[in-house]
Amino acid sequence: MPKRLLFLLAHPDDETFGPGGTIAKYAREGAEVHLAAATRGEAGMVGDPPLTDREHLGEVRSGELLAAAGILGIAKVHFLGFVDGQLPTVPRELLVEKTVEVVRDVRPHVLVGFGPEGVSRHADHKVMCEVALSAFARAADPAWYPGQLRDGIGPWAPLKLYQFEIAREILAGWDAPLAGVPRAKLSAFVDTSEHVETKISAFYCHKTQMKDVRRILERPGYREFARLETYVLARTRLPGLRLPEGDLLAGVPDD
């Protein structure tokens, strides 16, 4: 059985703009990579010139996400069904319950989400950071959401939870309103150098968000930056890990 990773993110394009190289790397190496998207991006841009109207934006952006997922090698996208920009107002229990259901269904060895500031400081990203922390604990406990448990679906204990982060030292040179962490806090450095062009191809699937695509890709040295993606290990059930790691699947036993 392949090793499995589940990325817990907020919007279409989060998968590409953030850990896209990591996704492509593990998918290419034979891991089974899943994505849970909390929303369909209904509050994003409609394109310039407009490619759709506000009423249909979520549908269009879902299609863009599926196209990007195909390029990156994502096995399945799980839409949690919440609305872009409204995650802070959704009962947290409902968000966690839906996320736990996906975790128990996918049975990932590794979860990947946002750090506390969500890199962009988007409120939805911050919420999904907290949801991932709760889901990591609760998915393993049959006392939580017992109605989800049925034939073939039982409690599941992911072995690691990583948070996608960027070193503050790098962001200082970008003149961008993003939140990073001190480089010394990073605990995983993933070599994505062979997957930079795959990631950039996925960028162009997000046609409605092309203003952001251009803004990111035109940053000086972006291709060099994209050769390495970095993470903080927020939770683990594996003893004796040696940090920093170069592999998010380090220590994960073969089934």
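# Close-up views of the predicted model

**View 1. R61 and the residues around it.** Arginine R61 sits in helix α3, which covers residues 57-72. Helices here are DSSP runs of H or I with at least four residues, strands are runs of E with at least two, and both are numbered from the N terminus. A quick word on ground rules: this is a predicted model, in which local features need pLDDT of at least 70 and side-chain atom pairs count only at pLDDT 80 or more, while totals for chains, interfaces and linings use all residues. Residue numbers start from 1 along each chain as its sequence is written, and side-chain values use heavy atoms, with hydrogens and water left out. R61 has a relative accessible area of 2%, so it counts as buried. "Buried" stands for under 20% relative accessible area, "exposed" for over 50%, and "partly exposed" for anything in between, using a 1.4 Å probe and protein chains only. Setting aside residues up to four places away in sequence, R61 touches P12, D13, R40, G41, G44, D84, T208 and Q209; a contact is a pair of heavy atoms within 4.5 Å.

View 2. A nonpolar core is a set of buried Ala, Val, Leu, Ile, Met, Phe, Trp, Tyr and Cys residues joined through side-chain atoms within 4.5 Å. The largest one here has 76 residues, and L5, M128 and L248 have the most contacts inside it. Helix α5 (residues 123-138) supplies the largest share of this core, seven residues. A separate core of five residues lies apart from it, with A167, V181, L186 and V232 among them. Zoom in on L5 and, leaving out residues up to four places away in sequence, you'll find contacts to Y26, A31, E32, V33, H34, P108, V110, L248 and L249.

**View 3. P108, a buried loop proline.** P108 belongs to the loop between α4 (92-106) and β4 (110-114). With 0% relative accessibility, P108 counts as buried. Besides L5, the contacts of P108 beyond four places in sequence are R4, L6, V103, W156 and P158. Look for L159 too: 51 residues separate P108 and L159 along the chain, yet their C-alpha atoms are 8.3 Å apart.

View 4. Helix α2 (residues 20-28) has eight of its nine residues buried, so it is largely enclosed by the rest of the structure. Those buried positions are G20, G21, T22, I23, A24, K25, Y26 and A27. After α2 comes G30, with a positive phi near 105°. Helix α7 (residues 196-203) is mostly covered, with six of its eight residues buried: V196, T198, K199, I200, A202 and F203. What do the buried residues of α7 pack against? They pack against α1 (14-17), α2, α3, α8 (210-217), α9 (222-225) and β7 (228-236).

**View 5. Cis prolines, P49 and P244.** The D48 to P49 peptide bond is cis, with omega near 5°, and P49 lies in the loop between β2 (32-39) and α3. The L243 to P244 bond is cis as well, with omega near 0°. You'll find P244 in the segment after β7.

View 6. Y145 isn't a glycine, but its phi is positive, near 55°. It belongs to the loop between α5 and β5 (160-165), and at 9% relative accessibility Y145 counts as buried. D175, also not a glycine, has a positive phi of about 50° and sits in the loop between α6 (168-171) and β6 (188-191). Is D175 buried or exposed? D175 is exposed, with a relative accessible area of 76%.

**View 7. Zooming back out.** The protein has nine helices and seven strands. Its radius of gyration is 17 Å, close to the 18 Å that the globule rule gives for 255 residues, so it is as compact as a globular protein of that length. That radius is taken over C-alpha atoms, and the rule is 2.2 Å times the number of residues to the power 0.38. Along the principal axes, the C-alpha trace spans about 50 × 40 × 30 Å. Of the 255 residues, 55% count as buried. Among contacts with a separation of 6 or more, residues 24 or more positions apart account for 79%.
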